[in-house]
Amino acid sequence: MKFDDFDKQMRRYEESLDQYILPDLYIVARLDGRTFTRLTKEICKFEAPFDIQFREYMVETVKYLMECGFRIVYGYTQSDEISLLFHANDTTFGRKVRKIQSTLAGEASAAFSLLLGKIATFDCRVVPLPTIERVADYFIWRQEDAHRNSLNAHCYWALRKEGFGQEKATALLEGKSVAFKNDLLFEKGINYNELPAWQKRGVGVYFEEQIKEGYNPVTKQITQTTRRALVVNDTLPLGSAYGAWVSAFVQSKIASCNS
């Protein structure tokens, strides 16, 4: 059998499970750290419940992913997860799910490992979304997850630092209301509302046009140039206000852009 015929025959098996994101759908890719609880608490011993160095590694990984070859316009990170919103017109890899997932997981794992100095890996899933409203809902959902996990983590570690064991601290918080958890923290001298916003809402990363001044030695005049720079926003709006912000962002950066 000729190689070309053999190659075509075998590729049918390789491509039998391939999926493609339809051109009228928005793409979000979500990456999660694999066994990061063990990595952060046992191997690296990051500060609990939140560690500023770990947060910086996550943000730097997001920034790297936004310039690694895809047309990504918005990145969001909370805890050990990252969400990436693609430009509506992105056609990288023909919008093939397998290629998007494997490439982003590999890029994130490599970037974070270099920052950490130890091997760390991410998995990746692609989330197709039909409308701008659903894109906003997605990011509201991930922010609400951040808020819930943040409150639970602060309560859990406040109890652990008082000598409660893992099982007892978990059991004490199981099924308890938000009000109960806020009161628990307040009794221990922690006002949850006054904690850093990034711990409760996550961090957004996006491109912004910035004006940079320079000096032209030939004309001896001050010049201005516009450059595209990544901005880190660690004081994102909350809840429905965040959804409105995301919707406006999508419309200005994606829907109205024909490039």
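Colleague: Is the crossing of helix 5 and helix 7 left-handed or right-handed?

Modeller: This is a predicted model, in which local features need pLDDT of at least 70 and side-chain atom pairs count only at pLDDT 80 or more, while totals for chains, interfaces and linings use all residues. Residues are numbered from 1 along each chain as its sequence is written, and side-chain values use heavy atoms, leaving out hydrogens and water. Helices are DSSP runs of H or I with at least four residues, strands are runs of E with at least two, and both are numbered from the N terminus. A crossing counts as right-handed if the near helix is turned clockwise from the far one, and as left-handed if turned anticlockwise by less than a right angle; that of helix 5 and helix 7 is left-handed.

Colleague: Which word describes how helix 5 lies to helix 7?

Modeller: The axes of helix 5 and helix 7 (residues 178-187) come within 10 Å and cross at roughly 45°, with axes fitted to C-alpha atoms over the stretch in contact and angles running from 0 to 180 degrees between N-to-C directions. Angles under 35 degrees count as roughly parallel, over 145 as roughly antiparallel, 65 to 115 as roughly perpendicular and the rest as oblique, so helix 5 is to helix 7 oblique.

Colleague: Does helix 5 pass helix 6 in a left-handed or a right-handed crossing?

Modeller: The axes of helix 5 (residues 132-161) and helix 6 (residues 166-173) come within 9 Å and cross at roughly 135°, and therefore helix 5 is oblique to helix 6. Their contact, meaning heavy atoms within 4.5 Å, includes Tyr156 in helix 5 and Leu173 in helix 6. The crossing of helix 5 with helix 6 is right-handed.

Colleague: From which element does the largest share of the lining of the largest pocket come?

Modeller: A pocket is an open set of points on a 1 Å grid where a 1.4 Å probe fits, with protein on both sides within 12 Å along at least five of seven lines, and its lining residues have an atom within 4 Å of a point. The largest pocket is lined by 33 residues, and among those nearest its centre are Ala153 and Trp157. The largest share of this lining, eight residues, comes from helix 5.

Colleague: And which element gives the largest share of the lining of the second largest pocket?

Modeller: The second largest pocket is lined by 12 residues, with Val73, His87, Phe207, Arg228 and Lys253 nearest its centre. Elements giving two or more residues to that lining include strand 2 and strand 5 (203-216). The largest share, three residues, comes from helix 9.
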